Amino acid sequence: MQSNTNYALFFERYHDFLPTDFVSGLTHKHLEHKTLRVNTSKISPPDLLTLLTQAGFEICPDEQYPALFHVNSHCSNLLAKSWQARAGLFYFQSKASYLPAQILSPLIGETVLDLAAAPGSKTTQLSQLRQEKGLIIANDINPKRRAALAFNLEQQGCANVQISGYDGRQIGNLAAECFDRVLLDAPCSLETYALKKKDFFKYWSLAKVQQMANLQRQLLVSALKACKKGGTIVYSTCTLAPEENEINIKWLLDNYADFLELEPINQTQNQVLSEFQGQRFSKQIQNCYRILPDKSNGYEAFFIAKIRKTKSLPPHNPQQNQSASTKYKHLSKKDQQSLFDQLNIVYQFDLDWQTDFALIGDYTKSWLICKSSSDLEHGQLQIERPALPFGRQTQKGYRLSFPFCLKFGHLAKANYLEIDQKQALDFCQGKNIPAASLAVNPGIQQIIRHQGFALGRAILLNDGTLKNQTPPAFVRQSL
Ligand SMILES: C[S@@+](CC[C@H](N)C(=O)[O-])C[C@H]1O[C@@H](n2cnc3c(N)ncnc32)[C@H](O)[C@@H]1O
């Protein structure tokens with residue numbers, strides 16, 4: 001059978017550097033290993049630890065990274081459906097996948113391009129790393145995956161991210177030297193899943209590895225062009241193939257030596273290769289970082305390179321730095337103030353929104369973005385989704401968006417409802433709230449909270465119940 005042949009070829013190819021227990025790991029329990037990253041824009045790691053432990057979830061902090069917790073596999077499904085997940089208090093992310101954004105470590109205010117961003121594990125992490133100060137353009141070619149990206153940005157409450165949908169190979173020419181930092185978490189042959197996905201070996205082939213390596217080279221050049229001179233690019237893959245890792249970085253050094261240098265990545269237990277199948281790699285390549293799969297990381301494989309752009313590349317065409325006419329506009333100051341005033345009157349947020357946020361769109365439908373990220377022009381890039389949905393005008397009045405309520409609902413001092421544990425679970429599953437005993441203003445959206453964390457919004461019906469206004473995608477996650 002083809003998959004048996006591939007299986008044999010795979011292990012023969014990597015046998016020199018794969019840990020011996022990787023093969024026996026096929027039936028190993030640690031494959032179920034899960035870690036979560038705390039959404040530090042909503043809760044501190046110690047507070048989340050207390051909250052989840054008191055709720056009966058078995059989690060323990062990672063020894064190296066305070067914002068990462070290991071989750072007992074028995075409770076990971078329940079945790080994924082919990083009200084704490086709905087509130088966006090954490091995000092499931094493996095320890096290895098946590099590293100590229102940490103290594104990119106953008107500074108507050110810097111502009112970041114996440115070239116292949118969906119479903120957004122690292123975009124949401126980058127957003128939280130800088131307390132949403134500084135724009136992130138999250139790009140991905142795949143529309144379905146962009147929908148998942150938008151979902152995660154909304155759940156995690158990232159108000160400094162704009163989404164675009166380009167083939168990443170074009171971006172370097174469309175937005176040359178527009179970004180201080182670029183993350184290229186590249187599409188790859190996904191060999192980290194060799195032990196996790198049952199039919200992995202049916203689809204794995206050397207031709208696929210080579211095809212991915214070629215695509216990655218083009219994406220690397222695009223990332224290099226999009227990065228400003230003096231800026232930083234982090235390249236990462238979750239695959240073992242040296243063609244997609246050390247060999248690709250060697251290719252980059254061979255072809256673009258005048259424009260970049262590799263920066264050392266200071267991590268312990270670096271397993272970067274010094275040779276593969278007789279091909280020796282220079283000392284520079286040792287600046288990259290390779291994680292081999294092992295039990296303690298749930299059999300994750302990752303490769304990371306950190307590149308500093310030292311010189312500008314020659315321009316691709318004379319028009320490349322012209323700006324595109326963006327389809328989005330900022331609301332006028334007057335309209336913004338009017339919407340923010342309405343918001344403060346109804347919910348008594350007592351926040352000076354105009355200082356920290358801007359609105360994009362128009363009075364009938366708008367998006368909220370952090371002021372420091374509100375620029376809408378990036379070379380010739382067209383943005384598909386400009387920020388976090390804010391609200392829309394309807395015949396029944398102004399309606400706040402679900403993501404807005406999730407992000408800011410805890411700050412409201414009026415028109416919110418604190419519900420109990422049972423109601424919270426029901427609410428997350430899309431059920432209405434019986435409102436008999438609740439004093440609620442008819443016609444005004446109520447922000448729904450549990451233990452002070454916002455879970456969404458609801459509106460009073462004629463029969464006295466509060467209609468749950470959670471979008472179906474969020475309900476599905478809790479079922
Ligand atoms: C490894 S995944 C990215 C994971 C993401 N960074 C995260 O942390 O959640 C690679 C992504 O590259 C996207 N992709 C594939 N080819 C692309 C291309 N030519 N341009 C832009 N994105 C591409 C895929 O749709 C996929 O979402």
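**Close-up views of a predicted model**

**View 1. The hairpin of β17 and β18.** Strand β17 is joined to strand β18 by a hairpin that runs through two residues. The model shown in this and the following views is predicted. β17 covers residues 388–394 and pairs with β18, residues 397–400. Four bridges connect these two strands, and their directions are antiparallel. Two of the bridge partners can be located by name.

**View 2. The open sheet β15-β16-β17-β18.** Four strands make up this open sheet, in which the pairing is antiparallel. At its edges stand β15 and β18, each of which pairs on one side only. From one strand to the next, the twist averages 25°. Between β16 and β17 there are four bridges, again in the antiparallel sense. Within this pairing, Leu368 stands opposite Leu388 of β17.

View 3. Strand β15 spans residues 357–361, and five of its five residues are buried, so the strand is largely enclosed by the rest of the structure. Phe357, Leu359 and Gly361 point one way from β15, whereas Ala358 and Ile360 point the other way. The residues on both faces are buried. β15 pairs with β16, residues 365–370, through five bridges in the antiparallel sense. Ala358, for instance, has Ile369 of β16 as its bridge partner. The two strands form a hairpin, with three residues between them.

**View 4. The open sheet β2-β3-β1-β4.** A further open sheet consists of four strands with antiparallel pairing, and its strand order is β2-β3-β1-β4. The edge positions belong to β2 (59–61) and β4 (90–92); each has a single partner strand, so one side of each is left without a neighbour in the sheet. The twist between one strand and the next averages 30°. Four bridges link strand β1, residues 34–38, to strand β3, residues 68–71, and the two strands pair in the antiparallel sense. Here Leu36 is found opposite Phe69 of β3.

**View 5. Gln128 in helix α7.** Gln128 is a residue of helix α7. A residue counts as buried when 20 or more other C-beta atoms lie within 10 Å of its own. Gln128 has 22 C-beta neighbours inside 10 Å and therefore counts as buried. Leaving aside residues up to four places away in sequence, Gln128 touches Asn39, Thr40 and Ser41. Ser41 is 87 residues away from Gln128 in sequence, but the distance in space from C-alpha to C-alpha is 5.9 Å.

**View 6. Residues around the ligand.** The shell around the ligand holds 16 residues, of which Ala116, Ser121, Asn142, Gly168 and Asp185 come nearest. When the shell is sorted by class, six residues are nonpolar, four are polar and six are charged. Helix α7 (121–129) and helix α9 (168–174) each supply at least two residues of this shell.

View 7. Helix α6 runs over residues 95–104, and eight of its 10 residues are buried, so the helix is largely enclosed by the rest of the structure. The buried residues are Lys95, Ala96, Ser97, Tyr98, Leu99, Pro100, Ala101 and Leu104. After α6 comes Ser105, which has a positive phi, near 30°.

**View 8. The two assigned domains.** According to the domain assignment of the protein, domain 1 is made of the segments 2–32 and 93–309, while domain 2 covers 415–479. The C-alpha centres of domain 1 and domain 2 are 40 Å apart.

Technical notes: Residues are numbered from 1 along each chain as its sequence is written. This is a predicted model: local features need pLDDT of at least 70, side-chain atom pairs count only at pLDDT 80 or more; totals for chains, interfaces and linings use all residues. A residue is near a molecule or strand if its C-beta atom, placed from the backbone, lies within 6 Å of it. Ala, Val, Leu, Ile, Met, Phe, Trp, Tyr, Cys and Pro count as nonpolar, Asp, Glu, Lys and Arg as charged, and the others, Gly among them, as polar. A residue is buried if 20 or more other C-beta atoms lie within 10 Å of its own, exposed if 12 or fewer, and partly exposed in between; C-beta atoms are placed from the backbone. Domain bounds come from an automatic or database domain assignment. Two strands pair if DSSP finds at least two bridges between them. Axes are lines fitted to C-alpha atoms, for helices over the stretch in contact, and angles run from 0 to 180 degrees between N-to-C directions. Two residues are in contact if their C-beta atoms, placed from the backbone, lie within 7 Å.
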